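Welcome! Please take a first look at the structure below, and then we can walk through it together.

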There are 2 protein chains.
Amino acid sequence: MNDRPLANKAQAIASEVRRRIVDREWRQGDRIPDEAELAVTFGVARATVNKALQMLADEGLLDRKRRAGTHVTVNPARRATLTIPIVREQIEQAGMTYSHRVIAQRRSPIPADIAARMELPEGAELIHLRTVHYGDGNPFQAEDRWINPVAAPGVDLIDFHRINPNEWLVRNFPWLRGDMVFSAENADARDARLLGTRQGTALLILQRTTWNDLGAITSVRLAFHPGYCLIASP
Amino acid sequence: MNDRPLANKAQAIASEVRRRIVDREWRQGDRIPDEAELAVTFGVARATVNKALQMLADEGLLDRKRRAGTHVTVNPARRATLTIPIVREQIEQAGMTYSHRVIAQRRSPIPADIAARMELPEGAELIHLRTVHYGDGNPFQAEDRWINPVAAPGVDLIDFHRINPNEWLVRNFPWLRGDMVFSAENADARDARLLGTRQGTALLILQRTTWNDLGAITSVRLAFHPGYCLIASP
DNA sequence: GATGTTTCTATGTCTAGGCTTAATGAAACT
DNA sequence: AGTTTCATTAAGCCTAGACATAGAAACATC
């Protein structure tokens, strides 16, 4: 389809190999020539072939094992990367004006489910925040967040009316590890009220927890406006 | 936390750099020392440092530009990779017995929305399939799929009662490009009937379209059993 | 036949060095 | 002041060669 030559050799080789797989010159399960051989046929160093094949292995198109060689994956488990944009940027990119409102902010003991998610003892006192994000004044996302002041020192001093909690955290506390769970839920009374919709409407829910070396930083449940969808690319 | 030395140097360097970022020795927006300098301080070749920093750039933790140097990303756009498992494997991994039922299979002209999604002319004749996947006899996923016999030759000859359409396609037609969209929908009458739930229940919906060099292969809408959730990792 | 041992090989990883290229700041020129 | 030119520099990418190591296959032993 689009065969413009790629700038660098590794990518050129990767896409040639990809083509051979898609065109079924190399079938699922087949063993493909080894790095040294490909290096000769493509006229490059072995390291370059290695880089290209690694890329394809990361994509899940190839299976590589020492001594056993490189095979075309039989059942490619399809992997996709999705980018969770910062709400404000997302709204502004859509040409709308961003605003947010903090509905509630208090220190309180965490319920059991959040404790489990954050790997903290039940009843630990965290900051609990409810925020709604708007685009041109219309509700777009409802956020229910717990922040751990141990892992995010200084959180008590922040005025979240000025900067939204997500942005403050993201800018100040990079994380090492994170969970992310997508699901669908029927809007309960509160979701419906905050998002300006009817109770029972299907909402896309994203539940996320992040950790750094001091423990769980934050756990948040994001409820998106009905109709919102999340796009992933391979 | 867990400081066991990593087997290879590139990864060891990557995690040391990651640590410095998380511990805020290198703050968001800071420029970090250049590859040559790090190569000296870590006592490795520049290529090794390059590999490590590339990994972190792929993770979205670093921004790298020629001449400008390497900076700690200011607003790390959160990237997550999710693996869409093959339904059967997923069900079997949960210790249940997999089965599927083809509800309908016919050749018919595609409606406008599918045509747009697949970049095909409206009214083109494709194979239309409805399938339900079961775990221990309970409905787990409802699938509504269109297959393009031009991009997937041989599809007319397949008996999808024996092998499910997804597995057949995945095993026979690797793709070059794909779309993936997640959303939430209230179950309509058909969804409710197929998944054995009540109309209006929130369902997680995954809409996926794939292409090879002959055009769109297939476009599918998967409706998951209520309560199903999708887990992504960074 | 089942189980350990050895050999061999394709990939994994690294090094030292070279060339390429894009961004940038400064100098030269409107 | 604004614009163009240009050298500089840090990352991008490649190479040739080396050693390490998993693991398949052949072999030997029980």
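Helices (H or I, at least four residues) and strands (E, at least two) are DSSP runs, numbered from the N terminus.

This is a predicted model, in which local features need pLDDT of at least 70 and side-chain atom pairs count only at pLDDT 80 or more, while totals for chains, interfaces and linings use all residues. Residues are numbered from 1 along each chain as its sequence is written, chains are lettered from A and ligands numbered from 1 in the order in which they are written, and side-chain values use heavy atoms, leaving out hydrogens and water.

Which residues of α1(B) are buried? They are A10(B), I13(B), A14(B), V17(B), R18(B), I21(B) and V22(B), where buried means under 20% relative accessible area with a 1.4 Å probe, protein chains only. These buried residues pack against β9 (202-212) of chain A, and also against α2 (35-42), α3 (46-59), β2 (62-65) and β3 (69-72) of chain B. Just after the helix, R24(B) takes a positive phi of about 60°.

Now to chain A, with its seven helices and 11 strands. Its radius of gyration is 24 Å, well over the 17 Å that the globule rule gives for 234 residues, so chain A is more spread out than a compact globule. The radius is taken over C-alpha atoms, and the rule is 2.2 Å times the number of residues to the power 0.38.

| Chain A property | Value |
|---|---|
| C-alpha trace span along principal axes | about 65 × 35 × 30 Å |
| Buried share of the 234 residues | 49% |

Note on methods
Buried means under 20% relative accessible area, exposed over 50%, partly exposed in between (1.4 Å probe, protein chains only). Contact means heavy atoms within 4.5 Å.
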